[in-house]
Amino acid sequence: MDTSGEAKALSKYVTLVSSDGFEFVVLREAACISGAIKRMLDPKSGFSEATTGRCIFEEINGIVLEKVAEYFYYNYKYRNKEDVPDMEILPELCLELLMAADYLDSRY
């Protein structure tokens with residue numbers, strides 16, 4: 001019985017790794033707004049990410065993944081609230097963020 005693998009899979013935090021090697025430790029519940037990440041971390045999926053708690057994104061650079069992680073927390077903090085302040089996004093990141101959101105199957 002390998003309970004250490006189960007404990008890691010159920011960790012409260014996950015690590016998101018960008019194409020250029022930057023790592024972001026994010027609350028699992030916040031990161032799972034992304035359908036892709038949620039499926040990757042599902043213990044029944046058989047994906048290595050489910051046991052390691054590390055999601056590597058070869059297609060997303062560190063600047064964009066940092067903003068994605070920021071959005072996960074923004075969404076987590078303001079879920080079920082009204083009069084939510086706007087999240088600041090630099091115009092030059094908009095296209096890349098939209099592509100990342102589509103890739104990650106994020107609810108936006």
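Which residues touch the most other members of the largest nonpolar core? In this predicted model, the answer is a set of six: Leu 16, Val 26, Ile 37, Phe 57, Val 68 and Phe 72, out of the 24 residues that make up the core. Two or more residues come from each of β1, β2, α2, α3 (35-41), α5 and α6 (94-104). Helix α5 makes the greatest contribution, with five residues. Leaving aside residues up to four places away in sequence, Phe 72 touches Leu 16, Val 26, Ala 30, Ala 31, Ile 33, Ser 34, Ile 37, Leu 104 and Ser 106.

Confidence is worth a look before going further. The mean pLDDT of the protein chain is 90, and 90% of its residues reach 70 or more. Over residues 1-5, however, the pLDDT is below 50, and this stretch has one contact in the model beyond near neighbours in sequence. Where pLDDT is low, the predicted coordinates should not be read in detail.

Turning to the sheet, three strands form an open arrangement in the order β2-β1-β3, with mixed pairing. The edge positions are taken by β2 (23-27) and β3 (54-56); each has a single partner strand, so one side of each is left without a neighbour in the sheet. From one strand to the next, the twist averages 25 degrees. Strand β1 (residues 13-17) pairs with β2 in the antiparallel sense over five bridges, and Val 14 stands opposite Val 26 in β2. Helix α5 (residues 62-78) lies across β1 and β2, and runs at about 10 degrees to β2.

Arg 28 is placed in helix α2 (residues 28-31). This arginine is buried, because its relative accessible area of 14% falls under the 20% limit. The C-alpha atoms of Arg 28 and Lys 12 are separated by 5.6 Å, although the two residues are 16 apart along the chain.

A disulfide is a covalent bond between the sulfur atoms of two cysteines, and the structure holds zero of them. For Cys 32, the closest cysteine sulfur is that of Cys 55, 8.3 Å away, and therefore too far for a bond. Cys 32 is buried, with a relative accessible area of 18%, whereas Cys 94 is partly exposed, at 35%.

Definitions and conventions: Residues are numbered from 1 along each chain as its sequence is written. This is a predicted model: local features need pLDDT of at least 70, side-chain atom pairs count only at pLDDT 80 or more; totals for chains, interfaces and linings use all residues. Side-chain values use heavy atoms; hydrogens and water are left out. Helices (H or I, at least four residues) and strands (E, at least two) are DSSP runs, numbered from the N terminus. Buried means under 20% relative accessible area, exposed over 50%, partly exposed in between (1.4 Å probe, protein chains only). A disulfide is a pair of cysteine sulfur atoms within 2.5 Å. pLDDT is the predictor's confidence in each residue, from 0 to 100. Contact means heavy atoms within 4.5 Å. Two strands pair if DSSP finds at least two bridges between them. Axes are lines fitted to C-alpha atoms, for helices over the stretch in contact, and angles run from 0 to 180 degrees between N-to-C directions. A nonpolar core is a set of buried Ala, Val, Leu, Ile, Met, Phe, Trp, Tyr and Cys residues joined through side-chain atoms within 4.5 Å.
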